[in-house]
Amino acid sequence: MFRALRPFQIVTDLVLAGLFALVVLPIEYSTGGFTATAAVGALAGAIVLTAALAVRRWSPGLALALAWLAAIVQMATQNQPRVSDVAIFAVLYVTAAYGSRWVYWLGLASAIVGAVVVTVYIFLGFTDVSWASLPLAFAVLVAATFALGLSWVTGALVRAAVRGAQARRERAVAEAEAAIEQERVRIARDMHDVVAHSLAVVIAQADGARYAAASDPDAAAEALATISTTARAALGDVRLLLTQLRHSEGAGPQPQLADVEGLYAQVRAAGVGLHVEVDPMPRAEPSAAVQLAVYRILQEALTNALRHGTVREDAGGVAVRLAWHEDRVELDVSNPFSPASAPAAPAPGHGLIGMRERAQLAGGTLWAGPEGTTWHVRSTLPLATTPEFAGPGASRDRTGEERA
């Protein structure tokens, strides 16, 4: 029934109503009619319409009721249409622009019924009704319907424009919230990739140092140096990711293909036998999304191999195969594992989910599972490339096995 208005809107409506009263009331008083009843009716109708004008935005339904009351008073005192009746146009406008659903349709009905009432009232009360006056009555009906209907239609258009703008604002807010959520998911995925891989390397090095401390102090010192380097790098990446959480415009770590060499070095430094094959080599520079996806999938797959695989001594190590075709890149990371020690139905962890999400974001697919005593992670990603690029280690296959 009542709308919440800002203070300046209330002041504006009251000032306009006051100015309307200052202009209209003297006119109504001086031209109130030939009888006292008509004069009183003219003034009363003008006062009621002034009140309707003052509350039109605060309560469109109340303003419409006051407008009908003023019309009834004028007709009951046999007044002709007055100057103050122009306020009815403003009332019809607000019923369509700001009224509730019921007030909206009551405003339309009032415009139609009001035009009919005005026409009938004028021709029955102030003219001689005859067949000759019917064309004039029809013209008055059309003019009244057009004038009153135009006010209502204008308000309806404003209502549609306001609702459209509100819908656009809500959509923009929803899109911004979705973008923020996607960014947080990406940051969480990066945080998992960075922390999980680094901790796996640190744990492997710590275990190696613990066993080698008594027999080979140099190996223990080297392991501690690797732990320090890995932990410092992880700490730097985590700080950048936390900076992104505080400031969305902050740049996070975005590894590229050139960084896989450092990844391989960390894995080998953990005492893992690693065999890398790249055939064929990339003919053009992959997009940043593909480079990031390849790096993160490699990082997570190698981390899982460190955690769960049998990758030391004579077990066979980890094999990485990259095939850069013209339209896609195929990635296969495999490592031996013991089926007897594996759970019957392992639940998919965050790492596997993250790898699949990485592949899907780049438009590709990923499969992970056992084949005999070997665990495989296979992914295929479509390529969006730029010409004239020779990837890291172009035109060569690299094989190497290093053990602690």
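In these legends, a residue is called buried under 20% relative accessible area, exposed over 50% and partly exposed in between, using a 1.4 Å probe and protein chains only. The model is predicted, so local features need pLDDT of at least 70 and side-chain atom pairs count only at pLDDT 80 or more, while totals for chains, interfaces and linings use all residues. Residues are numbered from 1 along each chain as its sequence is written, and side-chain values use heavy atoms, with hydrogens and water left out.

**View A. Glu330 and Arg328 meet in a salt bridge.** The term stands for a side-chain nitrogen of Lys or Arg within 4 Å of a carboxyl oxygen of Asp or Glu. Counted this way, the model has 7 salt bridges. Here the closest N and O atoms are 2.9 Å apart. Glu330 is partly exposed because its relative accessible area is 25%, and Arg328 is likewise partly exposed at 29%.

**View B. Asp332 pairs with Arg378 across two strands.** Helices (H or I, at least four residues) and strands (E, at least two) are DSSP runs, numbered from the N terminus. The closest N and O atoms of Asp332 and Arg378 are 3.4 Å apart. Asp332 counts as buried at 17% relative accessibility, whereas Arg378 is partly exposed, with a relative accessible area of 30%.

**View C. Asp13 reaches Arg57 through a salt bridge.** Their closest N and O atoms are 3.0 Å apart. Because Asp13 lies in helix H1 and Arg57 in the loop between H2 and H3, the pair ties together parts that are 44 residues apart in sequence. Asp13 is buried, with a relative accessibility of 1%, and Arg57 is buried too, at 17%. Look for Arg56 as well: salt bridges that share partners join Asp13, Arg56 and Arg57 into one network.

**View D. Phe2 and Trp58 form a tilted aromatic pair.** Rings of Phe, Tyr and Trp (its six-membered ring) pair if their centres lie within 6.5 Å; planes under 30 degrees apart are stacked, over 60 edge-to-face and the rest tilted. The model holds 4 aromatic pairs by this rule. For Phe2 and Trp58, the centres are 4.4 Å apart and the planes make an angle of 35°. The pair links distant parts of the chain, 56 residues apart: Phe2 sits in the segment before helix H1 (7-30), and Trp58 in the loop between helix H2 (36-54) and helix H3 (60-76). Phe2 is partly exposed at 48% relative accessibility, as is Trp58 at 38%.

**View E. Tyr104 and Trp105 pair edge-to-face.** The distance is 5.0 Å centre to centre, with 85° between the planes. Tyr104 counts as buried at 16% relative accessibility, while Trp105 is partly exposed at 48%. Together with Trp152, Tyr104 and Trp105 form one aromatic cluster.

**View F. Two backbone details involve Gln78 and Pro280.** Most residues other than glycine have a negative phi, and most peptide bonds are trans. Gln78 has a positive phi, near 55°. Gln78 occupies the loop between H3 and helix H4 (87-97) and is exposed, with a relative accessible area of 64%. Asp279 and Pro280 are joined by a cis peptide bond, with omega about -5°. Pro280 is in the loop between strand S1 (274-278) and strand S2 (285-286).
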